[in-house]
Amino acid sequence: MHSPVVVLNDSLNRESGSRVHHANIQASKAVADIIRTTLGPRSMLKMLLDASGDNHHEFNVGNLWPSFLKLTFVDGVMGYLGIVVTNDGNAILRELDLAHPAAKSMIELSRTQDEEVGDGTTSVIVLAGEMLHVAEAFIDKRFHPTVICRAYSKALEDAIAVLDKIAMPIDVNDRVTMMELVKSCIGTKFTSQFGDLIADLALDATMTIGVDLGQGLREVDIKKYIKVEKVPGGQLEDSKVLKGVMFNKDVVAPGKMRRKIINPRIILLDCPLEYKKGENQTNAELVREEDWAVLLKMEEEYIESICMQILKFKPDLVITEKGLSDLACHYFSKAGVSAMRRLRKTDNNRIAKACGATIVNRPDELQESDVGTGAGLFEVKKIGDEFFAFVDNCKDPKACTVLLRGASKDLLNEVERNLQDALSVARNILKNPKLLPGGGATELTVSATLKQKSQSIEGIEKWPYEAAAIAFEAIPRTLAQNCGVNVIRTMTALQGKHANGENSWIGIDGNTGAISDMREQKIWDAYNVKAQTFKTAIEAASMLLRIDDIVSGIKKKQAPGSTPSKPTIEQEGEADNEQMIPE
């Protein structure tokens, strides 16, 4: 007998084969089960305690409630004492600290979904968990994971084809339909009690900044060109979308410069309007006393020449991202020009987009075309105890500010989060103006169509393909469970309605659990969100199924320049060992 060959180090653990698959599937199902009850409008809340809100010291939860009912609501998320109470799938998973690697990758799913389309974070987890759950039976029957993955990707293609077929195009300029849509998507959120307010703001803002790229494509960059400015005070109804931008600055010399200008000519700079200082310490030796006066005069003349270059374009407002010296300020105020300094780059970009100006790097390169004339009004107002500058009533602004007013910071944060969701919904629809039925109707249609198609698939892939079709029913089933209706009866009735892929608009009304037509109930989903949910879920499930080996306990090599955790004491023998040389 040969002696056994040891390949892996003793400190490494290696698991392989079906044990790994089972472990991964179990972990993913566990994550999906945590999130499952938070799907739909009748969702349950989850309460997460962190180390400081630990309730296993002096008090147990029984006595915790009455004295601590001062919970503040944020994004359907209550926060108090390190307690988070929420029903937002993404927020829950963000807070959980999971040990299992497969479970961690499930969390990534909901994050990607949130960043990509801003909605459907819960469905994506439930769907991925279900896909893995139905795959478990095939792993037990010794199916090769690649076969299952192949069937899944075929199912995904067909599912997207079904979505294309039942999608209903929508006119982006029809405001009523758009409002219904945004409202149905944020109906499960906290601010739905304020009626159309949030949906209105979101629609106005996204319609403002949409840029047509031609060929029916629209670019809507909500991150860059929509600024949400939260100002405590007033009431929620005072919130509005400005036809322009606002920023938290005042003019440089408040007494001497105008604070209200109608139809201003705006010049934007990103260079300092002060005398250039040397990069590092500069010593100048002056022999004669007059030279000192010459030096000072040179500085003044330099600033004067810059100001004159700018003033010959007759601006009413000069804004720079850098400094502005007292002398420049004097020249400007003498000419009746308002000036602002040290503005954030992002704000400057927004002003440029709103009033049609170009940001100029050097005053001597100014041209008439760089002056922004699109703004109807420049005004500095005092809101609360801060001054805000408004560049408003722009002709065709491509950037805007949403001004949120409200009683308290908490409320504003809450509204802002919901507004972000509403904005992403509006953006999705503008980018791809197609609708799908909500309430699990889409998934049921996909499921019914895939079941029919599976009859025509030859070979061993037929079974996983059919299982994937059944897995899509997880979404309507979960909705039914969360409404508390009889799941088996409801699902059977729905499957009967959808049997041959017809009635694609029949789904579950998430509030009552009744089976109804989604068109009458106005329960819609954006095409982008659904397609992204399906893609993310199936691709993630395939990825987890492909893992057949887990090697843990690998020590990371020290990155160069980082401090080693323990000082290594070199023996003479290993002094020239190549491990010591950082790669």
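The crossing of H10 and H11 is right-handed, a term used when the near helix is turned clockwise from the far one by less than a right angle. The model is predicted, so local features need pLDDT of at least 70 and side-chain atom pairs count only at pLDDT 80 or more, while totals for chains, interfaces and linings use all residues. Residues are numbered from 1 along each chain as its sequence is written, and side-chain values use heavy atoms, without hydrogens and water.

Select residues 289-311, helix H10, together with residues 326-334, helix H11. Helices here are DSSP runs (H or I, at least four residues), numbered from the N terminus. Their axes come within 10 Å and cross at roughly 40°; axes are lines fitted to C-alpha atoms over the stretch in contact, with angles from 0 to 180 degrees between N-to-C directions.

Next, display the side chains between the two helices. Residues of H10, including Glu-300, Ile-303 and Cys-307, meet Leu-327, Ala-328, Tyr-331 and Phe-332 of H11 (contact means heavy atoms within 4.5 Å).

Now move to Ser-110, in helix H4 (residues 101-116). Ser-110 is buried, with a relative accessible area of 0% (buried means under 20%, with a 1.4 Å probe and protein chains only). Beyond neighbours within four places in sequence, Ser-110 contacts Asn-90, Leu-93, Thr-121, Val-124 and Ile-125.

Finally, select the cysteines. The whole structure holds zero disulfides (pairs of cysteine sulfur atoms within 2.5 Å). For Cys-329, the nearest cysteine sulfur belongs to Cys-307, 9.5 Å away. Cys-329 is buried at 11% relative accessible area, and Cys-483 is buried at 17%.

How values were computed:
Buried means under 20% relative accessible area, exposed over 50%, partly exposed in between (1.4 Å probe, protein chains only).
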